[in-house]
Amino acid sequence: MKKILLLATGGTIASKPTASGGLAPAITSEELLSFVPELAKLCEIDAVQLFSLDSTNVGPEQWQQLVHAIRQNYDAYDGFVIAHGTDTMAYTAAALSYMIQNSAKPVVLTGSQKSIYNRDTDARNNLYRTFLYASSDFSWGVQLVFDNKVILGTRARKTRTKSFNAFSSIDYPETAVFRDMRLIPFLRRPDPMPPVQFYEQLDPAVFVLRLVPGMRADIIPLLAPHYRALVVESFGVGGLPGGEHGEMYARLQDWCTSGRLAVFTTQVPHEGCDLAVYEVGRSVKELPGVLEAKDMTPEAVAVKLMWALGQTTDRAEAMRLFTTPVEWDIV
């Protein structure tokens with residue numbers, strides 16, 4: 001019987017109503033397990049309450065805590081399950097994909113749209129199938145299990161705010177699905193796998209700028225004292241209003257000349273960006289320090305930049321790290 005470590009972090013799955021009527025984390029890791037007694041037949045489980053937060057409050061500091069806990073316990077367990085709030089779970093899944101690379105052991109995130117305390121919750125289904133996946137012979141790497149789907153950590157995105165099928169795999173197939181209790185794997189563990197690599201350094205000095213028609217260019221120099229990298233969520237396949245003769249281009253050129261990074265992505269949910277298509281994008285593509293996110297998810301773009309900047313102060317090396325595919329984040 002495999003041995004799995006549950007890392008509880010709070011979130012909706014572990015929430016109860018407060019006196020004011022809102023939801024807040026209040027259920028411990030041991031209590032979570034008590035709601036699904038069938039888990040005892042699947043695997044041997046230890047549980048740790050790493051922190052207890054609404055996932056809105058989960059960020060780089062908590063990702064580092066998760067990585068540190070998994071690194072410290074990696075040799076003692078066959079896999080890891082993280083119970084997490086749904087609102088930022090895609091960010092955490094992407095972050096862990098970069099911070100824990102080449103893991104032959106599964107690191108699996110799950111959560112729920114309703115508290116496990118509720119009678120009509122999706123929490124029990126998600127938690128049971130997450131442990132079922134984590135204890136299977138097909139499991140590996142950083143994955144997210146939700147509503148009978150197994151999704152790569154670099155490809156997961158929350159696409160619905162209330163429905164039980166809240167998460168989608170963006171521009172890449174699910175790695176496995178559940179048909180009732182039967183696990184059907186589609187993407188098997190690479191064989192052989194290189195040794196696992198852990199990274200605990202992040203630099204959160206990344207700003208995401210979503211363009212809107214008519215936006216003033218003076219926002220860019222205001223960001224310069226505080227951020228090392230700018231993610232530009234552009235329109236369609238990508239470009240800047242005004243092209244190379246516009247004020248936005250001039251301010252971005254100053255940004256890049258100062259040694260900073262700029263990554264272009266798209267506001268469109270699928271199929272990615274390509275700055276080479278239109279004249280408003282082609283000149284931008286030639287600026288030093290400008291990269292394209294291609295078909296990466298917005299969550300993966302932001303946290304991969306944090307990871308890359310955390311490993312080096314050299315822009316060229318950060319660019320190399322960002323453009324090197326990790327766990328099928330770039331296809």
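Reply: A residue is called buried when its relative accessible area is under 20%, exposed when that area is over 50%, and partly exposed in between. The model discussed here is a predicted one.

Asp180 shows how the terms are used: its relative accessibility is 60%, so Asp180 counts as exposed. Asp180 belongs to the loop between strand S12 (176-179) and S13. Its phi is positive, about 60°, although Asp180 is not a glycine. Most residues other than glycine have a negative phi.

Now to the strand itself. S8 covers residues 142-146, and five of its five residues are buried. Which residues of S8 are buried on each of its faces? On one side they are Val142, Leu144 and Phe146, and on the other they are Gln143 and Val145. Both faces of S8 are therefore covered.

Strands of a sheet pair through backbone hydrogen bonds, either parallel or antiparallel. With strand S7 (residues 107-110), S8 pairs in the parallel sense, over three bridges. With strand S9 (residues 149-152), S8 runs antiparallel, and four bridges join the two.

Asn102 is found in the loop between strand S6 (100-101) and S7. Is Asn102 buried or exposed? Its relative accessibility is 18%, and Asn102 therefore counts as buried, given that the cut-off for buried is under 20%. Leaving aside neighbours within four places in sequence, Asn102 is in contact with Met193, Pro194, Pro195, Val196, Gln197 and Glu327.

The other loop lies between S13 and strand S14 (197-198), and Pro192 is found there. The peptide bond from Asp191 to Pro192 is cis, with omega near 0°. Most peptide bonds are trans.

There is also an open sheet of four strands, in the order S15-S16-S17-S18, and its pairing is parallel. What stands at the edges of this sheet? Strand S15 (206-210) and strand S18 (290-292) do; each has a single partner strand, so one side of each is left without a neighbour in the sheet. The twist averages 25° from one strand to the next. Within this sheet, strand S16 (residues 229-234) and strand S17 (residues 261-266) pair in the parallel sense over six bridges. Ala262 in S17 is the bridge partner of Leu230. Helix H9 (residues 315-323) packs on the sheet and touches S17 and S18. The direction of H9 makes about 5° with that of S18.

In the segment after H9 comes Trp328. Like Asp180, Trp328 is not a glycine, yet its phi is positive, about 60°. Its relative accessible area is 30%, so Trp328 counts as partly exposed.

The last item is open space. Rolling a probe the size of a water molecule over the atoms shows where empty space is left. How much space lies in the largest pocket? The value is about 210 Å³. The lining of the largest pocket consists of 17 residues, and Gly11, Thr12, Ser15, Leu23 and Asp54 lie nearest its centre. By class, this lining has four nonpolar, nine polar and four charged residues. Strand S2 (15-17) and strand S3 (23-25) each supply at least two residues of the lining. S2 gives the most, with three residues.

Terms used. Residues numbered from 1 in each chain as written. Predicted model: local features only at pLDDT ≥ 70, side-chain atom pairs only at ≥ 80, totals over all residues. Heavy atoms only, no water. 1 Å grid on protein atoms, 1.4 Å probe; cavity = no way out; pocket = protein on both sides within 12 Å on 5 of 7 lines; lining within 4 Å. Points joined across faces, edges and corners; volume = space filled by probe spheres on them. Nonpolar A, V, L, I, M, F, W, Y, C, P; charged D, E, K, R; others polar. Pairing = 2+ DSSP bridges. Axes fitted to C-alpha atoms, helices over the stretch in contact; angles between N-to-C directions. Contact = heavy atoms within 4.5 Å. Buried < 20%, exposed > 50% of the residue type's maximum accessible area, 1.4 Å probe, protein only.
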